[in-house]
Amino acid sequence: MFKNIEPLKIYSITSKAPKYVFFIFILILSIGLVEALILSPEDYIQSHSVRIMYVHVPSAWLSLSLFSIIGVLSFVILIFKNKNLPLITKSLAPSGFLFSIIALVTGSIWGKPTWGTWWAWDTRIISMLILALFYLLYILSWRIFQNKKDLNNITSIISIVGLINLPIIKYSVDWWSTLHQPSSINLINGSSIHQSMLIPLGIMTAAFALFSILIFLMKYNTELIKIKNKGLDRL
Amino acid sequence: MINDIIYMNGYGIYVWSAFSFTMLSFLTLYTIIKIQMVKEELKFNQKFANLAANKVNSAKNQKIYREILNNSSISKI
């Protein structure tokens, strides 16, 4: 079942891919920035401040998606005791953490002109802050614990517990009365955003996803070389 | 035109600071991960160069070592 996720097989791809991913990322990001900052129209209520959406929303989406992947893979790690998957989850965490911080900071910047405040103790914002803390805890636990078996169990449990927070983030705007606006993009019911804003949002999301792939590939390679460095000591 | 892009009806300070923060965060994380990778590659190359001849042969016979050496951005032994 896990034959295709052996480090050697993955390394043969991850070692060559970063340069291509980097090139595509720069290209897509450049197009996205021109679309987001210049070509896309201003909102009739929020005016130009709506442009913050093009960095805030993709960051929030990706931080949630990456934590979902880490959480699901952690289930597999706990059940099947797979030794290769922890390397993948560990390599996904840095970009996920960064995206959660970007979502919080850009949300705060967007909040000032829109709500008149930098911060509100709102359910969506608090649950997003909790997600960032889960990411931090996950990353720190890799540094704190040394025993490999304990480490895999502890990091898996942290991410599985953190999964509970994800539906709270997603549905907080529907379950509680909050300052944060409800979701404007719905895969089932369609989107309330006009195409002229949806296209730059899509391009920026693609660019951010490429960045997380780039960081994942580089981090995975680093982790693998670290393991091989330890292996050389034992030769 | 340029003034419109910079000031954005008074929202420029918010928009540009949000975008600047994002791009700066990307650059910082990329640099940190790149430095970590280069450090590990350097360490690997140094360790490999200092290995005894018989150990180099046994290491080279393992495909993963060849892969790392071939793809190292520092030097190719």
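Reader: With which residues is A:Leu217 in contact, leaving aside its neighbours within four places in sequence?

Author: In this predicted model, A:Leu217 is in contact with A:Thr14, A:Ala17, A:Pro18 and A:Val21, its neighbours within four places in sequence being left aside. A:Leu217 itself belongs to helix H8 of chain A, which covers residues 195–234.

Reader: Why is A:Leu217 called buried?

Author: A residue is buried if 20 or more other C-beta atoms lie within 10 Å of its own. A:Leu217 has 24 C-beta neighbours inside 10 Å, and therefore counts as buried.

Reader: How do you know what span is expected of helix H5 of chain A?

Author: The expected span is 1.5 Å times one less than the number of residues. Helix H5 (residues 123–144) of chain A has 22 residues, for which 32 Å is expected. From first C-alpha to last, the helix reaches 30 Å, which is close to that value.

Reader: Which residues of H5(A) are buried, and what covers them?

Author: The buried residues are A:Arg124, A:Ile125, A:Met128, A:Leu131, A:Phe134, A:Tyr135 and A:Tyr138. Their cover includes helices H3 (53–80), H4 (85–115), H6 (148–163) and H7 (165–175) of chain A.

Reader: What makes up the side of chain B that touches chain A?

Author: Contacts join 35 residues of chain B to 36 residues of chain A. On the chain B side, helices H2 (12–49), H3 (53–60) and H4 (63–71) each supply at least two residues. H2(B) gives the most, with 21 residues. The residues of this side comprise 20 nonpolar, seven polar and eight charged.

Note on methods. Residues numbered from 1 in each chain as written. Chains lettered and ligands numbered in written order. Predicted model: local features only at pLDDT ≥ 70, side-chain atom pairs only at ≥ 80, totals over all residues. Contact = placed C-beta atoms within 7 Å. Helix = DSSP H or I, 4+ residues; strand = E, 2+ residues; numbered from the N terminus. Nonpolar A, V, L, I, M, F, W, Y, C, P; charged D, E, K, R; others polar. Buried ≥ 20, exposed ≤ 12 C-beta atoms within 10 Å, placed from the backbone.
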